[in-house]
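Subject: Structure handover

Hi,

Here is the structure I promised to pass on to you. My notes on what turned up in it follow below.

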Amino acid sequence: MNATAPSHHTVMRSQLGRARGLGSGHSGTEHWIVERVSAASLLPLSGWFVIQMFRLGGADYEDVTKWGGKPVNATLLAALVATSFYHAEAGLQVIVDDYVHGKATAPAKLLVRFGCGIFGLLGLVSVLKLALGRKG
């Protein structure tokens with residue numbers, strides 16, 4: 001080793017020079033696309049759901065279970081629930097990334113993922129119970 005080599009280099013670089021190469025982690029683009037695709041798929045699913053709820057406005061329990069027992073309705077309802085919670089998780093992850101810092105970041109991300117997963121699973125089980133429930 002060279003004993004005369006300095007142990008610290010002072011580099012005079014501009015802020016732009018320091019920032020180069022430190023850009024996107026290449027996950028932001030994918031996340032942005034996922035949010036847009038899930039939002040676009042929620043538009044027709046939400047429209048279908050609102051129309052169906054107006055149609056079932058004064059229906060009794062048997063009519064609703066009969067409606068939910070139809071394969072097309074159960075499939076679209078399950079897709080709505082799954083896509084809604086997936087979209088919610090993606091949006092909440094952005095909020096955590098932007099506003100939660102330090103040691104709280106990892107637990108907050110875990111809480112978002114766990115919470116959206118549990119509530120999404122609860123919604124899907126409810127749809128399955130409606131679809132596979134007793135036939136009147």
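Val37 counts as exposed, because its relative accessibility is 54% (buried means under 20% relative accessible area, exposed over 50%, partly exposed in between, with a 1.4 Å probe and protein chains only). Its place is in helix α2, residues 28-55; helices are DSSP runs of H or I with at least four residues, strands are runs of E with at least two, and both are numbered from the N terminus.

Before you go further: this is a predicted model, where local features need pLDDT of at least 70 and side-chain atom pairs count only at pLDDT 80 or more, while totals for chains, interfaces and linings use all residues. Residues are numbered from 1 along each chain as its sequence is written, and side-chain values use heavy atoms, leaving out hydrogens and water.

For the overall picture, the chain has five helices and zero strands. Of its 136 residues, 22% are buried.

Now to helix packing. Helix α2 packs against helix α4 (residues 71-99) at an angle of about 145 degrees, and their axes are 9 Å apart. The axes are lines fitted to C-alpha atoms, for helices over the stretch in contact, and angles run from 0 to 180 degrees between N-to-C directions. The residues of this contact divide into 13 nonpolar, 10 polar and one charged (Ala, Val, Leu, Ile, Met, Phe, Trp, Tyr, Cys and Pro count as nonpolar, Asp, Glu, Lys and Arg as charged, and the others, Gly among them, as polar). Leu42 also lies in α2, and this residue is buried because its relative accessible area is 12%. The C-alpha atoms of Leu42 and His87 are separated by 8.7 Å, although the two are 45 residues apart along the chain.

The count of salt bridges comes to three, each being a side-chain nitrogen of Lys or Arg within 4 Å of a carboxyl oxygen of Asp or Glu:

- Glu35 pairs with Arg36, with the closest N and O atoms 3.2 Å apart. Glu35 is buried at 14% relative accessibility, whereas Arg36 is partly exposed at 41%.
- Glu89 pairs with Arg113, with the closest N and O atoms 2.8 Å apart. This pair links distant parts of the chain, 24 residues apart: Glu89 is in helix α4 and Arg113 in helix α5 (residues 105-132).
- Lys109 meets Asp97 at 3.0 Å, N to O. Lys109 lies in α5 and Asp97 in α4, so the pair ties together parts that are 12 residues apart in sequence.

Enjoy exploring it!

Best wishes
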